[in-house]
Amino acid sequence: TLDNGAYAANLTIGYKYDSYVELKNLEGGGINNLTQGKTSKIHKVMVRVKDSLGLKYGPSEADLKEHKFDDDQEISEFTELKSEDVVLGWESDHEQSGTIRLQGDGPYPLQIQLVVAEMDTSDYPLSK
């Protein structure tokens, strides 16, 4: 019996843990050689997660959005961890050094296996 009077047969209890990865200076490869130093714009990001719940994403820690694995459920209602490819819409401007931040900040795991960005890259350097 829990403190709130509810009964439970199976409980998942964990400590809140903040983890993140920041990917910077993305290399997209270009028609005319490498794209380092050229301006680019990220349109979407695909993240492959394994046995995970809870994912926040954005260009910086101050500008994160939360990905909901299932819009109809609260995270406390999930019975299984998710293993899937998550496609995230991305809002960014053209910039020389794009950043992708992926973050987990709860008592549930976040295992990132793959990150792929779809982006446009200019054919000229921002400055010489």
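Predicted model: local features only at pLDDT ≥ 70, side-chain atom pairs only at ≥ 80, totals over all residues.
Local features require a pLDDT of at least 70 and side-chain atom pairs count only at pLDDT 80 or more, while totals for chains, interfaces and linings use all residues. Residues are numbered from 1 along each chain as its sequence is written, and side-chain values use heavy atoms, with hydrogens and water left out.

Buried means under 20% relative accessible area, exposed over 50%, and partly exposed in between, with a 1.4 Å probe and protein chains only. Strands (E, at least two residues) and helices (H or I, at least four) are DSSP runs numbered from the N terminus. Apart from residues up to four places away in sequence, Leu 88 is in contact (heavy atoms within 4.5 Å) with Lys 44, Val 45, Val 47, Leu 55, Tyr 57, His 67 and Leu 102.

Gln 111 belongs to strand E7 (residues 111-125) and is partly exposed, because its relative accessibility is 37%. Its C-alpha atom is separated by 9.8 Å from that of Leu 55, 56 residues apart along the chain. With neighbours within four places in sequence set aside, Gln 111 contacts Arg 48, Val 49, Lys 50, Asp 51 and Ser 52. Of these, Asp 51 lies in strand E2 and has a positive phi of about 45° although it is not a glycine. Most residues other than glycine have a negative phi.

Six salt bridges (a side-chain nitrogen of Lys or Arg within 4 Å of a carboxyl oxygen of Asp or Glu) are found in the whole structure. In one of them, the closest N and O atoms of Arg 101 and Glu 22 are 2.8 Å apart. Arg 101 lies in strand E6 and Glu 22 in strand E1 (residues 17-24), so this pair ties together parts 79 residues apart in sequence. Arg 101 is buried at 5% relative accessible area, whereas Glu 22 is partly exposed at 29%. Asp 85 and Arg 48 form another salt bridge, with closest N and O atoms 2.7 Å apart. Asp 85 is in strand E5 and Arg 48 in strand E2, so the pair ties together parts 37 residues apart in sequence. Asp 51 also forms a salt bridge with Lys 50, at 3.3 Å between the closest N and O atoms. Shared partners join Glu 22, Lys 24 and Arg 101 into one salt-bridge network.
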